[in-house]
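Visitor: I would like to learn how to read a protein structure. Please take me through it one feature at a time.

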Amino acid sequence: QDPLEIIRRATELDRRDTELARSYTFLQRQERRDLDSKGQLTKTESETYDITLQEGSPYRRLVARNDQPLSAKDQRKEEEKLQKSIEDRRKETPAQHAQRVADWERKQEKQREPLKELPAAFNFKLAGQEALNGGVVYVIEGTPKPGYRPKSQATTFFPKVKLRFWIDQKDYQWVKVDIESLDTISFGGFLFRLAKGSRVTIENTRVNNEIWMPKQAAIKGSVRIALFKVMRGEMIFTFSNYRKFQADSRVLTQ
C-alpha cells in the first residue's frame, strides 16, 4: 500500500464526514489539568456543553461544571441566552441567515485547510499495522519535507511537527492522529504558543455505522497565552452522546 494514497483517501472521506456531521448534535466536555514544574497535578476543572444545530448553525449551551449540574441561577442564565439566540436567529432576514450559515461553513473549511497540504508538506512511510478501535489500522508516519514552504497561515507549523496516523484498513478513515512539536509553535502571532515536545492527539470513532466523529482530543505540554500566562498540563476534549438532528428540527426548551 502506498502511504500517500492512503492519506489522500482518508482526507477525501474526511471531507464527506464534515458534511454528514452537520446533522448531528452532541455533548462536548473540556477538561483542564494544570501541573506544576515537577509534574504534579495542581488543579482540575471542566465544563460540559450541549452542541445543537440552531437555525442552520451550531449553538453551544453550558450544561455542567466539574461534572455537576449548574446552579439554578446559572441554569436560568443559560436558558435566557438560549431563548435570545433562538429569537434573534428567527428574526433574521433571508440574507442575514445565509450570511451566518456561510460564515460558519467558511470557518469549517478553514479548519480543513491543513489537510489539503499534507502531501506537499510531509514525507510519509508505512510503519506497520495495529489492532485499534475494533479493527485493523495502517500506521503511517509523516516527517517534514526539507524545503517545504507553507502556502497559508493555517500550515505555518507544518515544518515544526512530525505526524503519526492510524487509518482504518476497511473504511480508510482517521482512527487516531498524533502530532508532536519539534520546536516552539506560534498561532495568531504571539497570542498562543505551544512549546517544543508538546503533543496533540485526536481519536475518532464510528457513529451510526455511517460516519466517523471525534471521540477525544488532547493537548499535552506547555502552552503560553499572550506574553505572560504559561500553562503546563493537559487540555482534554471529550465528545459523546451523538444524536441525529433533522434539518427542519428546532431546539426545544423546558
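Guide: Start with the salt bridge: a side-chain nitrogen of Lys or Arg within 4 Å of a carboxyl oxygen of Asp or Glu. In this structure, Arg29, Glu31, Arg33, Asp67, Lys220 and Glu234 are linked in a network of such bridges. This is a predicted model, in which local features need pLDDT of at least 70 and side-chain atom pairs count only at pLDDT 80 or more, while totals for chains, interfaces and linings use all residues. Residues are numbered from 1 along each chain as its sequence is written, and side-chain values use heavy atoms, with hydrogens and water left out.

Visitor: How many salt bridges does the structure hold?

Guide: There are 27 salt bridges. One of them joins the side chains of Arg15 and Glu109, at 3.6 Å from N to O. Arg15 belongs to helix α1 (residues 3–20) and Glu109 to helix α3 (residues 94–121), so this pair ties together parts that are 94 residues apart in sequence. Helices (H or I, at least four residues) and strands (E, at least two) are DSSP runs, numbered from the N terminus. The chain has three helices and 13 strands.

Visitor: Which salt bridge partner does Asp88 have?

Guide: Asp88 pairs with Lys84, and their closest N and O atoms are 2.8 Å apart. Both residues lie in helix α2 (residues 72–90), four residues apart, about one turn of the helix. Another bridge is formed by Glu141 and Arg164, with the closest N and O atoms 2.3 Å apart. That pair links distant parts of the chain, as Glu141 is in strand β6 (residues 135–144) and Arg164 in strand β7, 23 residues apart.

Visitor: Is Lys84 buried or exposed?

Guide: The cut-offs come first: buried means under 20% relative accessible area, exposed over 50%, and partly exposed in between (1.4 Å probe, protein chains only). Lys84 has a relative accessible area of 52%, so Lys84 is exposed. Ala131, in strand β5 (residues 122–132), counts as exposed because its relative accessibility is 68%. Over the chain, buried residues make up 35% of the 254 residues.

Visitor: Where is Asp168 found, and what lies around its side chain?

Guide: Asp168 is found in strand β7 (residues 161–168). Asp168 is buried yet has no salt bridge; the nearest side chain of opposite charge, Arg206, is 4.4 Å away. For charge, Lys and Arg count as positive and Asp and Glu as negative, with His and the chain ends not counted. A polar atom of the Asp168 side chain lies 2.9 Å from the backbone nitrogen of Lys170. The side chain of Asp168 also reaches the backbone nitrogen of Asp171, at 2.6 Å.

Visitor: Which residues is Asp168 in contact with, leaving aside its neighbours within four places in sequence?

Guide: Contact means heavy atoms within 4.5 Å. With those neighbours set aside, the contacts of Asp168 are Gly135, Val136, Val137, Gln173, Val175, Arg206 and Trp212.

Visitor: What does the radius of gyration say about the chain?

Guide: The radius of gyration is taken over C-alpha atoms, and the globule rule is 2.2 Å times the number of residues to the power 0.38. With 254 residues, a compact globule would have a value near 18 Å; the chain has 20 Å, which agrees. The C-alpha trace spans about 55 × 45 × 35 Å along its principal axes.

Notes: A polar contact is a pair of N or O atoms within 3.5 Å; within protein, one must be able to donate a hydrogen and the other to accept it, and residues adjacent in sequence count only if both atoms are side-chain atoms.
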